[in-house]
Amino acid sequence: MNDDRNGPGRLARLRRWARAVKQDVVALYIAARDPRVPWHVKLAATAIAAYALSPIDPIPDFIPVLGYLDELILLPIAIALVIRMIPGPLMAEFRAEARRRSERPVSRMAAAVIISLWIAAAAFLLWAFWPTPAP
């Protein structure tokens, strides 16, 4: 019996699904900026794309069960709901654009700038809130 429940076939399907979800998030980001999309759909697409692309996780992953619940269950459901709100031909166009953007080279300079901004913000917060000794 050919059972690949725990084999490489299942892992390959999981990777394809994860790539498709990532591509759909980028497509939602593109949809949120398109004038042909209704404002309420733009609002939902912006919220979902921002949540998915944000490095800050409202529910930390180290919390058992709940930590991964949002990424594995709630986020894909929210993405699917917003995709259903976008007309099919437009969504196909946004997915094609997302696919085209994913083939572009990655900017290491932009990553360095963002990391520098995070470090500067952390340093500023430490400086601003560090307790000073009483005289």
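**Figure 1. Overall dimensions of the chain.** The chain has a radius of gyration of 20 Å, whereas a compact globule of 135 residues would have one near 14 Å. This radius is taken over C-alpha atoms, and the globule rule is 2.2 Å times the number of residues to the power 0.38. The C-alpha trace spans about 75 × 50 × 30 Å along its principal axes. The model is predicted: local features need pLDDT of at least 70 and side-chain atom pairs count only at pLDDT 80 or more, while totals for chains, interfaces and linings use all residues. Residues are numbered from 1 along each chain as its sequence is written, and side-chain values use heavy atoms, with hydrogens and water left out.

**Figure 2. Helices of the chain.** The secondary structure comes to 5 helices and 0 strands (DSSP runs numbered from the N terminus; helices are H or I, at least four residues, and strands are E, at least two). Of the 135 residues, 19% count as buried (under 20% relative accessible area, with a 1.4 Å probe and protein chains only).

**Figure 3. Asp24 and its surroundings.** Asp24 lies in helix α1, residues 8-32. The residue is buried, with a relative accessible area of 13%. Leaving out residues up to four places away in sequence, Asp24 touches Ile79, Ile83, Met91 and Arg95 (contact means heavy atoms within 4.5 Å).

**Figure 4. The side chains of Asp24 and Arg95.** A polar contact of 2.8 Å joins these two side chains. A polar contact is a pair of N or O atoms within 3.5 Å; within protein, one must be able to donate a hydrogen and the other to accept it, and residues adjacent in sequence count only if both atoms are side-chain atoms.

Note on methods: Buried < 20%, exposed > 50% of the residue type's maximum accessible area, 1.4 Å probe, protein only.
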